[in-house]
Every structure is written in structure tokens, then in C-alpha cells.
Amino acid sequence: MGNCLPRVESSLAENRSQLFFENYPWNYSYGEEESYGDVDIPEAVAPCHSCNLLDDSSLPFFILASVLGIVASGAVLLALCRSPFHWQLCPSWPILAQLAVGSALFSTAVPILAPGLNSAHNPTLCRLGYWVWYSSAFAQALLIGYHAWLDPNLGTGHTWGLTLGLSLGLWGAAAVLGLPITLATDTSYGLCTLASSRGLGTLQSTHAAICFGIFVLLPLGLLGAKGLQKALYRGPCPWISVLWVWFVFWWPHGVILGFDSLVRSKVLLLPTCLAQQILDLALHLAEALAILHCAVSPLLVALFCHKATRASLPSLPLPARRPSHLDTFEGKSSLPSHLSA
């Protein structure tokens, strides 16, 4: 975890700290006495340092989340693609399958970015991990938004070409939106982290703005459109489903990352070192919550498909329905009474 060093309030310490550490990452760990170039920097002038929550000790959490996500996503994909019978009961199955694919891709990227693995010493692998990490999350968010708007019309006269084209467009947009964080990624002290170069500050701010827009503004916009359409009684409104629970895992990440970007760009100034440490801790907790989505997202897809199947089954004509054990038993029990008549 490392030791958390308090900020020194003396004017000499502030001036020397600002001189040497103004553009240094907050999470950098300082020892008893560090050197910067040819100048020794004592512990008293070290900047505010936050304890790292997701360190080497959290490696089992990363591995467990990755394994659960891959297994759950694979099981859901197998169930969706196994029987064409379910395609009639759940017309939105292509979007559900893509959500499972996005969850599986995210799960494969989790071990790459896990602390304590040798992959962190390869900058290319780190950049690839961050790109898959955020691009898959962006794709899932966009697919849920697309599903919320168009799902009521999926079963009535929709064309597969339009669905395929929109899906490819959403995945392409998600891949492009994941480029800023990819270009701003570097390795430091065996960890995949954001580069501390001043020239990459624009990329980091762009990434924070993208996360805030997709993870925060998108669900708020869907809820606002839902309320407005119901109030005005005009046109179709977004359809709220269990898939919206997905945003619960990413909404805190978007909010806190946006706030952290404002602090890093000095638009907002934190009054004390304790406030900075709380912000850094909140960032790690939000990241841990976002990681958990890879195991929960396939369960949301399975629950949605189960509910859609149960809702569509009574409306199907009898030839399209599979005979159940109860129907078979009733048919056999009615045979003797028919013969006796």
C-alpha cells in the first residue's frame, strides 16, 4: 500500500515542492529521501501522496473477475446461438450477443492491466489492453442506448441490414473513442498507467470527457427523454430494461474521472491533502466497481432474454411453440375419455 505523506504547509516546502513536483503524478511513491536530478529532496517537501488501493495485493481480484467474466460471457453466447427457437422469442438477440462479446473482450483485457504481472513492462501490450478495456465498455454503453431507443420496433418490420450496419457503426465509433487513452498510456514502476508527459494532457482530458459523456450523460439523457416523452405523450420513448443496470457500474467512474480531470487541469483546486487522497481513493473504488461489470453484464443479458422469452411465449401460435411435458401429459390423459365416448 505504501505510506501516505502529508503536505507540508511551510512556504519553503511549498515553493520547493512546486519547483520539482508540479507536473508529477500524484500517485508516485516517495521513500525516506529521493533525488531529482542532482538535488536531494527530503521527505518533508514531498507532494501529497495517496495510498494505492489497486496494487500487487489486488491481483487475485483482477484474475477472479476476468475468469468469471469470460466464463459467464461464453455461456451466454452459447445459449443465445444454440437454438434458433429463441430468436423468435427474443428479437433483440443480436444486440444481446454483442453485449456478451463486449463483456468477454473486457474480461480478456483485465489481466493485461492487472498490477503485478509482467505484461506491464511491455508498453505496446499496455496500450492494447487499455484500448480493448475502454473500447469494449464504450461499445456496450452505445449498444444499450441503441437498444433502448429501437427495441420496441425490433420485432415489427426491421431489416437485418440496418441492424448490422448500425452495430458496425457503433463498434467503429467505440474503437475510435478508445484511441485517446491508448495514445496516453505508458508503463511506470511495473504498472500500466497514464504517461506524465505534459504534451499528453490533452489526450487525457479528451478521454475523461468521453467517459463522462458516455457513462454519465448518455444514461441521464435516456432518462430525461423517457420522462419528457411520457409527459408530452408524443412519439416513442426509450424503453427501460434490466440492461440499464450496467450503467450503475460505470456511472461513478465517469463522474469521478471527470472531476479528477478538472483537478489535474487546475480548473478546480482541492483545499487539503486529505481531499486529494479521498479523490484518489474514489478513483480506485470506481475502477474496481467498473471491473465487476464483466461478471455481472452477462447475467443481465441472460435475465433480459429470460424475461423476453417468457413474455413472448404466450403470444406465439401453437405450432411455433414447443410442446411441454404438461401438454404431452394432457394429450395422453384425454385419449381414454375420447375413446370411451
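Buried here means under 20% relative accessible area, exposed means over 50%, and partly exposed is in between (1.4 Å probe, protein chains only). The model is predicted, so to speak for local features a pLDDT of at least 70 is needed, side-chain atom pairs count only at pLDDT 80 or more, and totals for chains, interfaces and linings use all residues. Residues are numbered from 1 along each chain as its sequence is written, and side-chain values use heavy atoms, with hydrogens and water left out.

Let's start with the aromatics. Rings of Phe, Tyr and Trp (its six-membered ring) pair if their centres lie within 6.5 Å; planes under 30 degrees apart are stacked, over 60 edge-to-face, and the rest tilted. That rule gives 12 aromatic pairs. One of them is tilted: Tyr134 and Phe138, at 6.0 Å centre to centre and 40° between the planes. The two sit four residues apart in helix H5 (residues 123-150), which means about one helical turn separates them. Helices are DSSP runs (H or I, at least four residues), numbered from the N terminus. Both Tyr134 and Phe138 are buried, and they belong to one aromatic cluster that also includes Trp133, Phe215 and Trp250.

Now for two single residues:

What is serine 66 in contact with, leaving aside its neighbours within four places in sequence? Ser107, Val110 and Pro111 are the residues in contact with Ser66, where contact means heavy atoms within 4.5 Å.
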